[in-house]
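Subject: Structure for your files

Hello,

Here is the structure I said I would pass on. My notes on it follow below.

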Amino acid sequence: MTSDISIVWLGALASLLAGLASGVGALAVFFLRSLTDRLQDSMLAAAAGVMLAASFFSLLLPGLDYGESLVGTTSGAALIVIFGVLSGAGTLFFIHQKLPHEHFGLGREGPNTAHIRRIWLFIIAITLHNFPEGMAVGVGFAGGDVSNGYVLATGIGIQNIPEGLAVAFSLLAINYSRMKAFGIALLTGLAEPIGGLFGAALVWLAEPIMPWTLGFAAGAMLFIISNEIIPETHRNSYKTLATFSLLVGFVIMMFLDATLG
């Protein structure tokens, strides 16, 4: 039987591997001259679909089951998870208001950013995406359901590939060399093991808050999907393509959860 402390480190390791998938996507910067808006929007939308399915099937539903086993009622479990979802979304909203960052197409957000180099705005933005994703993986492992953790790590890793590719080409567009664009895109994935370790340790230290923590991770990812990724993918003329790409990502993650979980 794997010990609790081993589960914490397993969650951190799995989130690290998922984060490194950003580098796999970024490798394309050495082989492709440019990335069309059509391709970028469809890939990011598919990544959003993976995140959306992961939020429901790997975080919210287990959170409800876990909460019901703790409090004994479905309504009580639902209220705890709902509070977690709103806490996660609210926390990400607050952080987005306080930290300057720049998205691929929507531009700069947050406080005045005139004195901050553009590269750091990209890094902050991707970190804001990757930390809750890593936290979700860590929480998935720390709940004791290792198979659920593996499914989450696989899904997050899959969606990190197009995200890493988009980061690398965005940096290339602002005159960074291909090697630097690849290296920075790879490094942005390192926010995920930090989030994974944080999420796993949080549950390990206080297991009764597991339903809230699962809800928190889901709420943070849902905020990113609705507030950032979907608007990013709908800013051009490919909204229908982006919508169906999101659905493809969703059903892929749903299949993974049903068959591997």
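In which helix is Lys239 found? Lys239 belongs to helix α9, which covers residues 239-260. Please keep in mind throughout that this is a predicted model.

Lys239 is partly exposed, with a relative accessible area of 46%. Its C-alpha lies 9.6 Å from that of Ala45, although 194 residues separate Lys239 and Ala45 in sequence.

Next, the packing of two helices. Helix α3 (residues 74-98) packs on helix α8 (residues 210-233) with the axes 6 Å apart and at an angle of about 45°. Because angles under 35 degrees count as roughly parallel and those from 65 to 115 as roughly perpendicular, α3 is oblique to α8. The crossing of α3 past α8 is right-handed.

On the α3 side, the contact is made by Ile80, Val81, Phe83, Gly84, Val85, Ser87, Gly88, Ala89, Thr91, Leu92, Phe93 and His96. The α8 side supplies Pro211, Trp212, Gly215, Phe216, Gly219, Ala220, Phe223, Ile224 and Glu228. Sorted by class, the residues in this contact of α3 with α8 are 13 nonpolar, 7 polar and 1 charged.

On aromatic residues, the structure holds 4 aromatic pairs. One of them joins Phe30 and Phe182, with the ring centres 5.5 Å apart and 55° between the planes, and this pair is tilted. Phe30 sits in the loop between α1 (4-26) and α2 (37-71), while Phe182 is in helix α6 (residues 178-188), so the pair ties together parts that are 152 residues apart in sequence. As for accessibility, Phe182 is buried, with a relative accessible area of 16%, whereas Phe30 is partly exposed at 34%. The value for Phe182 counts as buried because the cut-off is under 20%.

The last item is Asn160. Is Asn160 buried or exposed? Asn160 is buried, and its relative accessible area is 0%. This residue lies in helix α5, which runs over residues 146-173. Leaving aside residues up to four places away in sequence, Asn160 touches Ala18, Gly19, Ala21, Ser22, Asn130, Glu133 and Glu192. Among these neighbours, Ala18, Gly19, Ala21 and Ser22 fall within α1 (4-26).

Regards

Methods: Residues are numbered from 1 along each chain as its sequence is written. This is a predicted model: local features need pLDDT of at least 70, side-chain atom pairs count only at pLDDT 80 or more; totals for chains, interfaces and linings use all residues. Side-chain values use heavy atoms; hydrogens and water are left out. Axes are lines fitted to C-alpha atoms, for helices over the stretch in contact, and angles run from 0 to 180 degrees between N-to-C directions. Helices (H or I, at least four residues) and strands (E, at least two) are DSSP runs, numbered from the N terminus. Angles under 35 degrees count as roughly parallel, over 145 as roughly antiparallel, 65 to 115 as roughly perpendicular and the rest as oblique. A crossing is left-handed if the near helix is turned anticlockwise from the far one by less than a right angle, and right-handed if clockwise. Contact means heavy atoms within 4.5 Å. Ala, Val, Leu, Ile, Met, Phe, Trp, Tyr, Cys and Pro count as nonpolar, Asp, Glu, Lys and Arg as charged, and the others, Gly among them, as polar. Rings of Phe, Tyr and Trp (its six-membered ring) pair if their centres lie within 6.5 Å; planes under 30 degrees apart count as stacked, over 60 as edge-to-face and the rest as tilted. Buried means under 20% relative accessible area, exposed over 50%, partly exposed in between (1.4 Å probe, protein chains only).
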